[in-house]
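I am opening a notebook on a structure that is new to me.

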Amino acid sequence: MSLLRLGICRPSDWSGSAVDFVERGFSRFCRENGADKAKKVWVGDLRIADCLFELTEQERNQLEADSDEPSQPLFFIGDYEAAASIPIGATLTALESEHDLLPAAFYQVLATNLYKWMRVYDYLDAQQHAEMWMEDMSDEELQASVYRKVAIEIPGCITQYSKELTPARARDLLEQVQPRRSSLRQLIQYILEMDDCGQGREHAWPGHLTEKDVPGISDWLMDAESSRPGCLITWYEDDAINACFDEEAQHMGENGACQPNVAIPIPLNQSPKKLDKQVIHVFDHAAAMLRSLASAAKAVEIIRELYDEYLGKHRLQPGLPAEPSAAGIRDE
């Protein structure tokens, strides 16, 4: 009824099933906000579900029996099945030829906005992974290890300038500098569009939920693993970041369910006015997420084209698929 009042669903969507009714309106809403463009790069889904985490039939029956509430909340959930590959090294080199600060500004805005919608795996995550495993290594083992390469391979344009740039200053720089290459101008335009869509948004991690939102959430979060990354930002396709990610990816989900990347509850047992307000909040977040990721997808396609251009010049075999496969995340 709330979706109908707000115009998200239409009377013609009704076929006798409330589930089908919600699904038709939600699917149309997603398409209208750029879902088809976004899914060219991002491998995942947005859904409205009646439970935050997967339950067996026995667990579901037990949960319903233990609940004192007449109706459980619904949840807006966003998750990723694979990490989209973003080999950004060639792009940073091209941007650096236009302005010394441009690569760091570009990286800052890109990573900051992606993080609003997903877990981002980049050189910072690889550094944590490498440092953990290097603690017990001998000097000889360190010399032969890929872990030591993580810090060595970070481009100077990132290490030298990234700490100087706040997100606001980084955006100002992207707006001010006009690259000579049309592809770089287009790339920056897409990143700025992405940033516009993400303004004022924060990552809706499951960790933000309270026991009031979801009874038992604290215990579940303790047992659950971190979210699966929605993207893998590397310098080049076979670098040390990729090696660290591949090691971590082999074990994701082994010790418990992975948390979704986005989770926002929709309590049903409230007045129509309050319910409509919450539904508006959820769908505004969904629209911003889809529009942002649609612009980001166009930016990633240019980044991949620049990378393929780099491979061609160095007589290397391009290895990126036109559409990302499940290479980023592998289930055991």
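Helices (H or I, at least four residues) and strands (E, at least two) are DSSP runs, numbered from the N terminus. I also keep in mind that this is a predicted model, in which local features need pLDDT of at least 70 and side-chain atom pairs count only at pLDDT 80 or more, while totals for chains, interfaces and linings use all residues. Residues are numbered from 1 along each chain as its sequence is written, and side-chain values use heavy atoms, with hydrogens and water left out.

**Entry 1: the whole chain**

I looked up the overall make-up and found 15 helices and 6 strands in the protein, whose 332 residues count as buried in 48% of cases. For contacts, meaning heavy atoms within 4.5 Å, I took those between residues at least 6 apart in sequence, and 79% of them join residues at least 24 apart.

I then checked the confidence, given as pLDDT, the predictor's confidence in each residue from 0 to 100. The mean pLDDT is 89, and 90% of the residues reach 70 or more. Over residues 320-332, however, the pLDDT is below 50, although this stretch has 32 contacts in the model beyond near neighbours in sequence. I remind myself that where pLDDT is low, the predicted coordinates should not be read in detail.

**Entry 2: helix α5**

How many residues of helix α5 are buried? I find that 6 of the 8 residues in α5 (residues 89-96) are buried, which leaves the helix mostly covered. The buried residues are Gly89, Ala90, Thr91, Leu92, Ala94 and Leu95. I looked for what they pack against, and the partners include β3 (84-87), α6 (102-114), α12 (182-198) and α15 (272-313).

**Entry 3: the nonpolar cores**

A nonpolar core is a set of buried Ala, Val, Leu, Ile, Met, Phe, Trp, Tyr and Cys residues joined through side-chain atoms within 4.5 Å. The largest core has 87 residues, and Trp42, Phe106, Leu114, Leu174, Cys231, Trp235 and Leu293 touch the most other members. Its largest share, 17 residues, comes from α15. I also noted a second, separate core of 13 residues, which includes Ala49, Leu52, Ile77 and Ala263.

The C-alpha atoms of alanine 84 and tryptophan 42 are separated by 6.0 Å, while the two residues are 42 residues apart along the chain.

**Entry 4: aspartate 13 and arginine 28**

Aspartate 13 sits in the loop between α1 (2-5) and α2 (18-32), and arginine 28 is in helix α2. Are these two residues buried or exposed? Aspartate 13 is buried, with a relative accessible area of 5%, and arginine 28 is buried as well, with 12%.

I count a polar contact as a pair of N or O atoms within 3.5 Å; within protein, one must be able to donate a hydrogen and the other to accept it, and residues adjacent in sequence count only if both atoms are side-chain atoms. The side chains of aspartate 13 and arginine 28 are joined by such a contact of 2.7 Å. The side chain of arginine 28 also reaches the backbone oxygen of isoleucine 8 at 3.2 Å.

**Entry 5: aromatic rings**

Rings of Phe, Tyr and Trp (its six-membered ring) pair if their centres lie within 6.5 Å, with planes under 30 degrees apart counted as stacked, over 60 as edge-to-face and the rest as tilted. By this rule I have 12 aromatic pairs. One of them joins tryptophan 14 and phenylalanine 21 edge-to-face, at 5.7 Å centre to centre and 65° between the planes. Phenylalanine 26 and phenylalanine 283 have ring centres 5.8 Å apart and planes at 85°, so this pair is edge-to-face. Because phenylalanine 26 lies in helix α2 and phenylalanine 283 in helix α15, the pair ties together parts that are 257 residues apart in sequence. Both phenylalanine 26 and phenylalanine 283 are buried, and ring pairs link Phe26, Phe29, Phe76 and Phe283 into a cluster.

How values were computed:
Buried < 20%, exposed > 50% of the residue type's maximum accessible area, 1.4 Å probe, protein only.
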